[in-house]
Structures are given as structure tokens and as C-alpha cells.
Amino acid sequence: MTLKRPFIYVGSYVSDEDAARHPAFSQAANLYQAKFIDFAQPSDVITLVPFFVTDARTFSSPRPIKFVCHSAPWLPRFLQRFWRWFADTVVACVYVSRTRGRDVFFYNLDKQNLFLAALVRFLLCRRVYVIVADYMRYDSRMLQAVFDWFTRRTQGTLVLNSNIRCHPNRRVMPGLLYED
């Protein structure tokens with residue numbers, strides 16, 4: 001299945017070899033993302049490397065992927081995460097602005113990519129869709145309200161479980177993915 005128009009995929013996908021080197025990577029999430037990328041064939045793939053990885057220069061992939069990871073070891077430890085979040089968001093936003101795809105699919109909104117999704121939706125005026133594999137619950141009610149509010153402001157969601165009702169325009173894709 002290829003969408004009729006080009007689209008951008010933003011996730012945390014890395015190759016199987018890279019995921020094996022970092023045990024904190026979710027193998028199930030990585031497998032789902034690999035299947036989705038092969039299935040949907042996005043025109044551009046952007047990987048926001050998770051915070052627990054400090055150096056993305058070692059990553060490689062058989063697919064053309066833009067890895068986003070801008071660590072700042074010279075900063076005090078308490079500022080490093082903020083810098084990484086801010087720099088990665090800005091760089092990924094620039095990548096999205098330079099692509100021709102009008103639709104942007106985000107894999108699982110979380111603290112690392114929410115602001116990027118908001119910038120893409122409201123500043124770049126792109127159509128944002130969310131793939132919800134794991135519906136996250138946050139301890140903070142305010143944070144949970146922000147995620148729920150933003151999810152409802154997207155153009156739609158693809159969910160893996162019919163019990164997840166986070167958007168009126170949702171499509172359920174059980175299992176990994178349909179294949180022809």
C-alpha cells in the first residue's frame with residue numbers, strides 16, 4: 001500500500017542491529033515501525049533518537065532515514081535533556097518544512113515529539129496523523145489533558161486496539177499490519 005500523495009513519517013525507528021546494541025529500545029515498537037515503513041512507503045522518514053541514546057552517529061539503516069540526535073555533553077547534566085529536546089525539535093521541524101509531503105504521521109505521541117507535532121500542525125500547517133500503538137497515561141492530569149487535547153486536534157489516528165478511543169476519526173489496524 002502506498003498513499004497517493006507523499007507523506008512524512010516521524011518515529012523512533014532504528015535498524016535491528018542498532019536496536020540490539022541498545023537494550024532500552026522496544027523491539028516490538030521497532031518491528032511495528034519497520035513494517036509500517038515497508039507497508040506505507042513514506043517519502044521521508046525522520047527518526048527522533050530517544051533520550052537514552054547520546055550518540056546517533058553510529059546508527060545506520062538500509063532505508064534513507066534522517067536521524068535526529070543533538071546531544072550537548074558540555075552543558076550541565078540538568079540542562080542536557082532540555083537542550084536535546086529543543087535542538088531535536090527545531091532540526092526535525094526544519095526537515096519537515098523542507099519536504100514536499102503535506103501529511104505527517106507520528107508514531108506514539110510522547111514528551112519527546114509532542115512539541116514537534118504541534119509545530120508541524122499549527123506553524124507549518126501540515127496535516128498530522130498519530131499512530132497509537134500504546135496509549136500512554138501520565139501521572140500529571142495537566143500533561144494528560146494536553147496530550148488528549150492535541151490528539152483530538154490532529155486529522156486522525158491509526159490505532160492497533162479497538163478499545164483505544166482517542167479521536168473521532170480513528171481507524172483500527174489490529175495486529176501488525178495488513179499485507180496483500
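The points below are grouped by topic and concern a predicted model.

**Nonpolar cores**
- The largest nonpolar core holds 26 residues, and those with the most contacts inside it are Tyr 9, Phe 36, Phe 59, Phe 105, Tyr 107 and Ile 131.
- Two or more residues of this core come from each of β1 (7-11), α2 (27-40), β3 (65-68), β4 (103-107) and β5 (127-132), with α2 giving the most, at seven residues.
- A second, separate core comprises 23 residues, including Ala 92, Ala 117, Val 130 and Tyr 138.

**Contact of α3 with α4**
- The axes of helix α3 (residues 77-97) and helix α4 (residues 114-123) come within 9 Å and cross at roughly 35°, and the crossing is right-handed.
- On the α3 side the contact is made by Trp 85, Thr 89, Ala 92, Cys 93 and Val 96, and on the α4 side by Phe 115, Leu 116, Leu 119 and Val 120.
- These contact residues divide into eight nonpolar, one polar and no charged.

**Salt bridges**
- The count comes to three salt bridges.
- Asp 88 and Arg 84 meet at 2.9 Å, N to O, both lying in helix α3 four residues apart, about one turn of the helix, and both are buried.
- Asp 103 forms a salt bridge with Arg 127 at 2.5 Å between the closest N and O atoms, linking strand β4 to strand β5 across 24 residues; Asp 103 is buried at 3% relative accessible area, while Arg 127 counts as partly exposed at 31%.

Notes
Residues are numbered from 1 along each chain as its sequence is written. This is a predicted model: local features need pLDDT of at least 70, side-chain atom pairs count only at pLDDT 80 or more; totals for chains, interfaces and linings use all residues. Side-chain values use heavy atoms; hydrogens and water are left out. A nonpolar core is a set of buried Ala, Val, Leu, Ile, Met, Phe, Trp, Tyr and Cys residues joined through side-chain atoms within 4.5 Å. Buried means under 20% relative accessible area, exposed over 50%, partly exposed in between (1.4 Å probe, protein chains only). Axes are lines fitted to C-alpha atoms, for helices over the stretch in contact, and angles run from 0 to 180 degrees between N-to-C directions. A crossing is left-handed if the near helix is turned anticlockwise from the far one by less than a right angle, and right-handed if clockwise. Contact means heavy atoms within 4.5 Å. Ala, Val, Leu, Ile, Met, Phe, Trp, Tyr, Cys and Pro count as nonpolar, Asp, Glu, Lys and Arg as charged, and the others, Gly among them, as polar. A salt bridge is a side-chain nitrogen of Lys or Arg within 4 Å of a carboxyl oxygen of Asp or Glu.
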